[in-house]
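I am opening a notebook on this structure. I will jot down what I look up, entry by entry.

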Amino acid sequence: MTGPAELTPIQRWFFAQGLVRAEHFNQSLVVEVDAGLGSGSGLWEGVVARLLEQHDGLRARFLRSVGGEWRSELSGMPESLPWRVCDLSSVPSDEREGRLLEVAEETQRSLSLSDGPLFRAVLFTGLGGEKDRLLLVAHHLVVDVVSWRILLEDLGTLTEQAVQGRELVLPAKSSSWQQWAARLKEEARSTATADELAYWSEQAEAPARALPLDGPVDDNRMSESRVLRVALGAEETRGLLRDVPAAFNTRINDVLLTGVASALGAWTGDDHVRVDVEGHGRVDLFEDVDVSRTTGWFTTISPLRLPVLSRAGLADGLKQVKELLRARPREGIGYGLLAHGPTDTNTGTGADFGTGTSLGRSAQVSFNYLGQFDSSLSGSFAASSGRAGPDWDPCTRRPYLLDVISHVQDGELHMEWTYSGAAHEEETIRRVAEDTLDVLRRLAEEAKRPDAVGYSPSDLPLSGLTQDQVNDVVSRLRTLPAWQSSSLPRPLEDCYPQTPVQQGLWFQSQFAQGEGIYHVQLILGIEQELDAEAFRESWARVTQRHSILRTSFWTTEENEALQLVWADLPVPLHTEDWRSHTTTEQRNRLETYLQQDRARGFDPHDTPQWRMFLARTADDRHQLVWSAHHSVLDGWSISLILNDVVREYGALIEGRHLEQMPPRAYRDYVSWLREQDLEQAEDYWRDTLKGVEQAAPLSIERHTAAGAITSSGASAGADGQAEFSVFFSDEDTERLHQLAHAHHLTLNTVLQGCWALLIARYTGSDDVVFGTVVSGRPSEVEGIERTVGLFINTLPLRVRMPDDSSALAWLHALQEQNVQMRQYEYSPLSTVQQASGLPVGAPLFESLFVFENYPVDKDDSAALRFDLTRSEERINYPLGVVATVPDRRLQITVQYDTTRFERDAVDRMVGHLRSVCSQLAGKPETRLSQITVLTEEERQHILQQSNSLHQQVPDTDEFDLSAFAEGARTAEERELLAQLVAEVQGMSPSDLQDRIPSASPAVDLSASPAIETSENHE
């Protein structure tokens, strides 16, 4: 890669310093290499050449125009390599180190900004039996600490390949320096950068007391600089790297800056201090740019105002520093873009953010943490630097009065305090340095306290909690068994708001406590021998994989509904052996457990919100009851979990490691949900539900007074739900599939249409509303289909049925309506209810239609096989219909309130639904007004009654409805009669009453629960 390259902010900062000898501002290191590699074999020349080819930035040069403007360009490979060998064998042994240093200093001064390359390599040989030494020098404009790690890693790779005689091959290049620099210039013009101006102005212009001086500060040149080195031992360093992060979720910068701020504040007597913080600068700003293996000077410099707390409150101080660092936008890169961006940069706000923008003066103190290093070649930068003479020209003025540079070498923390020998005495700096170490030691001890509250708002960013609220929540959580039984220093992993649907489910289930509302029970058969420990471990791994399985619920003192994610929880599995019991006893025990489990329910504080009961019913047969509160899972998620358990169990049994991509966290969905535009959703629902009326009773409902005893013997005021399922035939199911496929409809749309028609006939309205359950998984969130949690939402589906529309055209319109509604699936039902304009408490709908289509990975050869025996869940609506297609046949499951519906009426309803489905599948072009709900058996029964009656009356032009009605002997016959009359003659039951003036109360057709009241039949 060659050609012009933009100057980056740090490079502009460098040229703005006005250094006397800008070409002598280097980084260097000396590393030992095996003398056996030789110096005359061409090996090293090939290695150096390959490094220059790979890393374009090393070939950069910088040119200055007549007007004083600097520009950069990347040159091609140089004619002669920046490489030399210095044989010291002829130099007396006691003078070799001096001669080596002379050559190193000469090399440091040899760089030229305009000529390039800004890189030199010198091999020192002849060191009297010692290893050779390799000197590497690069101008700081083209390298930083991370770059040295890359270069040293590549150096090791290339030398190994060269020694083995292999081709010199390096890993693929990442994005070029040119590309990075060009994108930074664009980013300097971005709105995101402009939005940071207020923040950085506050940080840079905040007042701070100057450092006390021991002498004049005028002569702050490199020649007057001194370095004081202090260190912590391995055990103390381990406390900072392990114990403090474990307790406070900190990074090493948080801890070190807390120590530095505390020591500087004690020195200056101020309650705040200002430091300029250097960062690595390799920030993920651009999705299409990868600089992981790119060399260059990426460093950022940005101001930071730090509080100084009393030594008694160091833990609070650490959390404050941590929060300040987390709040820094984009790790500080924006400050450089604003203060040292391109001179032509303008963000469109009217302010020029190019060079010269006033963002306050530099601080007097700079801070830089270089990272952790070891004794390997790629980790030897810290130990190998500073051994090649001055990296900077002695006449160069230092930008800061005090530089604090830290690194961890082989497990020990080292801090270098560089200061001006004219401005400060060594003892002064030593006192501040030792004070810093003392603070660090105290923080390590603070982390070991069992009552330390190590959480801060940035640990729980979605929660919106303040530090005081975090402290309050944590103090209350400490009393819970989940916390007290945990061996982890931070039992709480995350905290974020409950979704509106979760809040609604909890309200309903607690309002009907003990009734099993939204208590899900799956009864699964396991027809095989089972390794109990592997089974438990499988669930443990899946629990760790999906955070929602480690979630409980909490409400703050301010009534904020939160969900808590625990770091680790035991698998809630209880086992029993029922092999000694008969089949009948086992069945009774199972029903007893299910009833007790529903009555027990779940409390919001329960951890977790699910549990399992495993009963061994035979040597190779088990019954598993998996119970959960609906607020943590939906059907799709349950399927994902069971599939994961099957895979984990198989891997454990077979002794293999299971490689799986981590799933998208549920918190990402919660975050997405908070970003949605509720006002736009309200507008949609307000328009969709304009003029809607409250839910009308269905004609098949019981017509009994409250507390009256029905024919089935159940009290109309008693609470109870019943459920049953029916299967459509293979032929009927296939016809529905063919209808959907042939006309590009979903089976869900077809079945929704059938249900809408049925509800319309039962209410006598051509404008109906029923509840539908939507998946709620936003397609724009990548990986959402593999996320486990509660996504489904119950929303109203308003369906109008124009008489003159064909069923097919109407179904297409219904499908389009579903597509539009999908954009607003996140809408809370309470918001939708308000948008409807109905009075508070007026039901928008009272029936629910659900089409379930979950991912099921069924593998008969799997090591673990689940067979779903049945499922139990109580809904909060009088009537619910669930459609599924297991084993290629449509299954309809009806759950109904026994106080409002009799079983016979529900049976007839399912028959009517079959009839509507059959008519739509057979004649999709038919008009809606021609579709009847009557089954063929019902029509034949009425026709038989009609024929019998016609034999008794004369054949006249006008049919005698009175006589026809008198011939209906039973209530059931009268109900069917009313429906047939309504369909054939376009009458409502009340119309029929008018035509039968002599009808007695026994023939009151309008009161019959199965009468259709629609006036739109033909």
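**Entry: a glutamine and its contacts**

I began with Gln502. Setting aside neighbours within four places in sequence, I found Gln502 in contact (heavy atoms within 4.5 Å) with Ile548, Phe553, Gln563, Ser631, Tyr666 and Leu790. Gln502 sits in helix H16, residues 500–511. Helices (H or I, at least four residues) and strands (E, at least two) are DSSP runs, numbered from the N terminus. Is Gln502 buried or exposed? Gln502 is buried, at a relative accessible area of 0%. I use buried for under 20% relative accessible area, exposed for over 50% and partly exposed for in between, with a 1.4 Å probe and protein chains only.

**Entry: ground rules**

I noted that this is a predicted model, in which local features need pLDDT of at least 70 and side-chain atom pairs count only at pLDDT 80 or more, while totals for chains, interfaces and linings use all residues. Residues are numbered from 1 along each chain as its sequence is written, and side-chain values use heavy atoms, with hydrogens and water left out.

**Entry: the whole chain**

I checked the totals next. The protein chain holds 30 helices and 27 strands. Of its 1018 residues, 53% count as buried. Among contacts with a separation of 6 or more, 77% come from residues 24 or more positions apart. The chain exposes about 45100 Å², and carbon and sulfur atoms supply 47% of that. The areas come from the Shrake-Rupley method with a 1.4 Å probe; for residues, only the protein chains shown count as cover.

**Entry: a sheet of three strands**

I looked at an open sheet with the order E14-E17-E16 and antiparallel pairing. Two strands pair if DSSP finds at least two bridges between them. Strand E14 (492–497) and strand E16 (551–555) are at the edges with a single partner strand each, so one side of each has no neighbour in the sheet. Neighbouring strands are turned by 30° against each other on average, direction ignored. For such angles, axes are lines fitted to C-alpha atoms, for helices over the stretch in contact, and angles run from 0 to 180 degrees between N-to-C directions.

How many bridges join E16 to E17? I found five, between antiparallel strands, with E17 covering residues 561–566. Thr551 stands opposite Val565 in E17. Helix H14 (residues 467–477) packs on this sheet and touches E14, E16 and E17; its direction makes about 120° with that of E16. Helix H20 (residues 666–674) also packs on the sheet, touching E14 and E17, and its direction makes about 25° with that of E14.

**Entry: a sheet of six strands**

I moved to another open sheet, of order E8-E13-E12-E11-E9-E10 and mixed pairing. Its edge strands are E8 (225–231) and E10 (300–307), each pairing on one side only. The twist averages 25° from one strand to the next. Strands E12 (residues 402–409) and E13 (residues 412–420) pair in the antiparallel sense over eight bridges. Gln409 has Glu412 in E13 as its bridge partner. Helix H13 (residues 426–446) packs on the sheet, touching E8, E12 and E13; its direction makes about 150° with that of E13.

**Entry: strand E22**

Strand E22 covers residues 767–774, and six of its eight residues are buried, so the rest of the structure largely encloses it. Eight bridges join E22 to the antiparallel strand E23 (residues 793–800). Val769 stands opposite Arg798 in E23. Two bridges join E22 to the parallel strand E24 (residues 847–851). Gly771 has Leu848 in E24 as its bridge partner.

**Entry: the nonpolar cores**

I define a nonpolar core as a set of buried Ala, Val, Leu, Ile, Met, Phe, Trp, Tyr and Cys residues joined through side-chain atoms within 4.5 Å. The largest has 122 residues, and Phe535 and Trp755 are among those with the most contacts inside it. Helix H23 (residues 747–763) gives the most to this core, with 11 residues. Apart from this core lies another, of 71 residues, including Trp13 and Val289.

**Entry: a glycine in a loop**

I ended at Gly165, in the loop between helix H4 (145–163) and helix H5 (177–188). Gly165 is exposed, with a relative accessible area of 64%. Just after H4, Gly165 takes a positive phi of about 75°. Gly165 and Leu43 are 122 residues apart in sequence, yet 9.5 Å apart in space, C-alpha to C-alpha.
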